[in-house]
Every structure is written in structure tokens, then in C-alpha cells.
Amino acid sequence: MKYQSKLFLSMAFAGALLTGCASTDTDGSGQSSDINTYSEPAQSVESDVSAYEAQEPQVVLANVFYFEFDQATLTAQARRDLDAQIARLKKTKGPVRLEGHADERGTREYNMALGERRANAVADYMAINGIARYRIETVSYGEERPIAFGQTESAYSKNRRVELK
Amino acid sequence: MLKRVLLLMVMLGCAMASQAELTIEINEGKDDPVPIAVVPFGWKAGVTLREDVAAIVERDLHRSGLFNPLSRADMLSRPANAGEVYYRDWKSLGVDYVVVGELSFGRDNKLVAKYELLDVNTQRSILQGEESQSFDRVRFLAHTLSDKIYEKLTNIRGAFRTQLLYVSAVREGDNRFRYRLLKSDIDGVGEEVLADSMEPILAPAWGPDGKKIAYVSFKTTRPAIYLHNLETGERQQLTDFRGLNGAPAFSPDGSRMAMVLSKDGSPDIYVMDLASRALQRVTNHFAIDTEPAWAPDGKSIYFTSDRGGKPQIYKVELATGRVERITFEGDYNARARVLGDGLGLVMVHRVQGKFHIAVQDFKRNRVEILTSTDLDESPSVAPNGSMLLYATTYSGQGVLAAVSVDGGVRYRLPSRFGDVREPAWSPFLYE
């Protein structure tokens, strides 16, 4: 994978976005929607990014992993995205917060449990692949924090997710 | 729908700013609602009252689904006491009962309501009473009359002086919500904010005395159960365990609280002794166990579990830990609440991908679906067992609705806040 060679840059970029995201806690800006779209190809480089970064395609690591309805098993795509994150996290030391979410169908408390199950699935995968367990915190928000709205399958599928913070 | 649906828009015609429209939607069932006339009350002192006592009583009775109030426009006279009633007039209007009353100033600057319930067929007065309240409690006074009249005519204790807790979520910015824990009278009037946070609030629950409540807040960025004393305003954080801290449910005697914790791995049901804070683990299974609801005797707890693959309702006996599956119909039954006397459960039941509120009747061992909308959840039973509140979606927004346990009447509650959910009907609060 090309991930390895670009890792440092990606880390810096994604890290900056993540920090910005966490500090303002708004997910609606153009910036954060880029990293929320997990399969998005490299974005054209912003003017404040240095020139040598622009010479090669930018890899933005996905920090949202999606799930099937009523499921907490990782999809192939989620595993690929996670592998890239794990490679990045192995070079850092800080805490990792995983936030599990569910779509609005079904009862709130059951969805709270389902969100936790999803966050734990990601945590387990990380632990198996070498991220120290003590670094990982999981929190479930159930269906309380949707990012897509409306009663459509498209909205539901965006809400069944685990976010890496 | 086989049943004829009659839509009635009733305006809450009072001066309070928070009031919106209350939509009452009656599905006429096999039992026809009793025709009753609540005559506008007479007023002795010549002072204008902001609230229309008779109108509040009329709407209370209407919302119960058991009564069909006569429109004021159809009334031939407006008697203020039994002596002024011409029974023949009311009989010709098809009315079975007439409520008349008179308001006056009492001692200590109180409002006094003298009222009487008359049986048109026997031409007799079957209930007389007098109630007094301070002028800022006129609505409460009216609900008191409603309770008395309802009880006299149905032999069921009235629940018009009860309250509800619920949660609203208002979008502020793209993906941010402002969550509020709210309390109001059972007719939706008098909303009061109990908690306000940019982090989720959920699962409000009443203590059996109506003075303590519990809820879950994420205000520390992790879920925790909070106790809130409504009388003193005192709040305390009850739990701070790793993982889930959710679904608080007071035991029937108020001494213990059932909850969901996942500190030991998967979500399980625990019971906390509220005095000592000692925890007892009640279920122990790698599946999801959640949504505890106490049986009325306090000896067992109903809960949702997907230990069989899909969520179903189970019951665990506290003394022995013995678990028994309760629901078998359908592939999604969750969040049970026990009907009065433990004769059945209300729960969320999925049919053809849609979530409805259903009743499981233990005696007849059958499931009856009460609601026809999708995404119906969080059923909460009235303390007299006659109705239940639930959350549903209407025009893309979360709304609260009520339905009678026999499905005969349904109405939506107004709220001045956006998306509302998770109604919790209080216990009886007054004698």
C-alpha cells in the first residue's frame, strides 16, 4: 500500500483536522466532511498546505467506520480503513476515543447497547492489531447523535457508525 | 383503516404563551364514548378569569376517550346549578350527564368552585363538591374536578393531575443538538426545563413518590445516571462506571434502582440499593440485556435481550436469577413497561419493518398493536392504567402522543420545543 510512505503527511493532515474538529465540535464544515467521507479520494490541496505535499496525492485516513443494519461486525471497507488508522496510531501514544452510534430505528436503550457493541468491535480489532487496550476508550451515543437526517436508508446507513476521535 | 376517524381540533383558548394546538384524534371503537355536557361555569364576583375551568374539564374528559362532550354552541341553556337545569332539554340533545358549576371568591383570596354532576336519565344529582385553590392554580383546580367526575362515572381513579417528563432535542448548527429535560402537566401545559445540555439527555424516569426522578446525561462526555429531587432541586450523580450507564428504573417501593451497566463486559441488568449504593448484578449474559422494568411486586424485572438472536422481552426473578422468555410473537419486541396490576406489557413491536406500540395481554396471551404510525417508541403507562404515552414521528419531527390501552383514542401533545421524545408518565401526585 502507498499508505506507508504517505503516512507521516496523512497523520499531520488528519491530525490537524481532528484537532480542529474536536475543539470546535462542529462537524458541518467543509473540512471535516472530507474526513467523514471514508472512501473519498485525495482532495486537492488547500493553499495553506506546503508545496511538496501537493506533488503527491494526499491520503486522508477515514475516521468513521460504517456498519450494516443491526450488525456490529466490521465490513471489509471498515477493516481497510482501520488498518491505516492502526498504522498511524502505533506511532503515537495518546488516548483513542471510539464513539459508537446507531440509526434511529428500534428503541433508544437497545441502540445505546448496539452502539457500544460497534465501538467495542472496533476496539477489539485495534487491540488485536497491536494498539494497547488501555489507550482505547469506547463511548456509545446510541441514536442520540445522528449525522444524517430523514427516514431513508441512505441516512440510516450514515448513522450506523463508529467515529474515531 | 376500518375505523372511522374523526378529527377534532381543540384550541387551548387560554392566555398562556406556551400553549399550542392540541390535536385530538378519536378512533371510534366498539364502546361509544358517553355524551356529556360541561356547561360553562357561573361566576359570582364579576371578575374575569383567564382560564375557562369548564373548558379544561371538558378537554380532560374528552382526552380520556371515554366521553364525548357536547359543543357549547349546541347548548340550549347555561345553568350554573342543579336548580336551573331543565332535564328535558339535555335529554333532547342526547346527553347522558351534565356538569354545572359556579365560581366565587373564597377565604384567603382563593378561588372556589362549587360543582355538580347530574344524571339526565334519572334526573338526579350524583356528585356534588366544592374545591378551592389559589388563583395561580386554576388549571389544577379544574383537573381536580375532572378527576372527581371521571372517577364517579368510570370507577377508575382519574389521572388528570399527573405530569410527564420528556426530552427535547433542538438542532443548533449542522450536527449539534441542544438537549433538554422537560416536565409539564399531563395535558402538555406548563412546560418547565429541568436540565439543559449540549450533550445527550435521555431515559427520564419517575420515582414512585413523584418527588424524585432519574435520568441519563452525557454532560461529562460519558453517560451517567443522575438523581434529581424535584422538591429541593438537589441533583447527584449516581453512577460513573466504565461503559453504559443507562435505563434507570425505580423499584415500586423507591428503595432500589434497576439500571444497565456494561462495566463487566456486555450490557447487563443491575439493581442498586439507593441507600447503601450497593450493586447487585441481576443478569449475566454476553448478549445485550437492557431496558429493565419492574414487576409491580418488586420481585422480578422485565428486560430486553437479544440472547436469542433478536431483541425479545424476558423476565428475571431477583431472588433466584431465573430467566424466562416472555414474548414470542414477531422478531423485535423491546422496552417493555408493565400495565397496572401486572396483567400485561406494553412494548415496542416491529411488524414488516415498522415499529409500533403493542400490548401483550398475559391472560389471553396475545399481542395487540395499538398504534399505526412508524418509529413509535418509549411507551409509558398512566398510573391508572387507562392510557399510555409514547413517542412517534409526525411530519419528520419527534412528537409525543397518547393512546388508550384499548386503542380507542389517540391524541398528540403540543410542545414549544422541537423534537420531543421519551415521555414518562408520573405516578399519582395528589390524593
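# Briefing: a predicted model of chains A and B

In this predicted model, 34 Å separate the C-alpha centres of domain 1 and domain 2 of chain B. Domain 1 is built from residues 2-27 + 162-425, and domain 2 spans 33-154. Chain A averages a pLDDT of 75. The contact between the chains draws 20 residues from chain A and 28 residues from chain B.

**Confidence in chain A**

- In chain A, 64% of the residues reach a pLDDT of at least 70.
- Residues 1-56 of chain A stay under 50 in pLDDT.
- For that stretch the model has 61 contacts beyond four places in sequence.
- Where pLDDT is low, predicted coordinates should not be read in detail.

**Make-up of chain A**

- Chain A holds six helices and four strands.
- Read from the N terminus, the order of its elements is α-α-α-β-α-β-α-β-α-β.
- Chain A has 165 residues, of which 39% count as buried.
- Take the contacts in chain A between residues at least 6 apart in sequence: 67% of them join residues at least 24 apart.
- A:Ala87 sits in helix H4 (residues 76-89) of chain A.
- A:Ala87 counts as partly exposed because it has 18 C-beta neighbours inside 10 Å, between the limits of 12 for exposed and 20 for buried.

- On chain B, four strands each supply at least two residues of the side that touches chain A: S12 (201-206), S16 (245-250), S20 (289-294) and S24 (333-338).
- That side of chain B divides into 14 nonpolar, seven polar and seven charged residues.

**Nonpolar cores**

- The largest nonpolar core has 101 residues.
- Those with the most contacts inside this core are A:Val122, B:Ala205, B:Tyr215, B:Met259, B:Ile301 and B:Leu388.
- Helix H5 (residues 108-128) of chain A gives the core its largest share, nine residues.
- Leaving aside residues up to four places away in sequence, B:Tyr215 touches B:Leu181, B:Ile201, B:Leu202, B:Ala203, B:Pro204, B:Ala205 and B:Tyr226.
- Another core, of 35 residues, lies apart from the largest one; among its members are B:Val53, B:Val57, B:Val98 and B:Tyr150.
- In soluble globular proteins, nonpolar side chains tend to be buried together.

**Strand pairing around S6 of chain B**

- Strand S6 (residues 97-105) of chain B pairs in the parallel sense with strand S3 (residues 34-38) of chain B, over three bridges.
- In this pairing B:Val38 stands opposite B:Val99.
- Strand S4 (residues 42-43) of chain B also pairs with S6(B) in the parallel sense, over two bridges.
- Here B:Trp43 stands opposite B:Leu103.
- Strand S7 (residues 111-119) of chain B pairs with S6(B) in the antiparallel sense, over nine bridges.
- S6(B) and S7(B) form a hairpin with five residues between the strands, where B:Asp108 takes a positive phi near 55°.

- Strand S10 (residues 177-185) and strand S11 (residues 192-197) of chain B run antiparallel and are joined by five bridges.
- B:Arg180 faces B:Asp196 of S11(B) across the pairing.
- Six residues lie between the strands of this hairpin, and B:Gly188 in the turn has a positive phi of about 90°.

- Most residues other than glycine have a negative phi.
- B:Asn109 has a positive phi of about 60° although it is not a glycine.
- B:Asn109 lies in the loop between S6 and S7 of chain B.
- B:Asn109 counts as exposed because it has 8 C-beta neighbours inside 10 Å.
- B:Ala247, also not a glycine, has a positive phi near 50°.
- B:Ala247 belongs to strand S16 of chain B, one of the strands that supply residues to the side touching chain A.
- B:Ala247 is buried, because 31 other C-beta atoms lie within 10 Å.

Note on methods: Residues numbered from 1 in each chain as written. Chains lettered and ligands numbered in written order. Predicted model: local features only at pLDDT ≥ 70, side-chain atom pairs only at ≥ 80, totals over all residues. pLDDT = per-residue confidence, 0-100. Contact = placed C-beta atoms within 7 Å. Nonpolar A, V, L, I, M, F, W, Y, C, P; charged D, E, K, R; others polar. Domains from an automatic or database assignment. Core = buried A, V, L, I, M, F, W, Y, C linked by C-beta atoms within 7 Å. Pairing = 2+ DSSP bridges.
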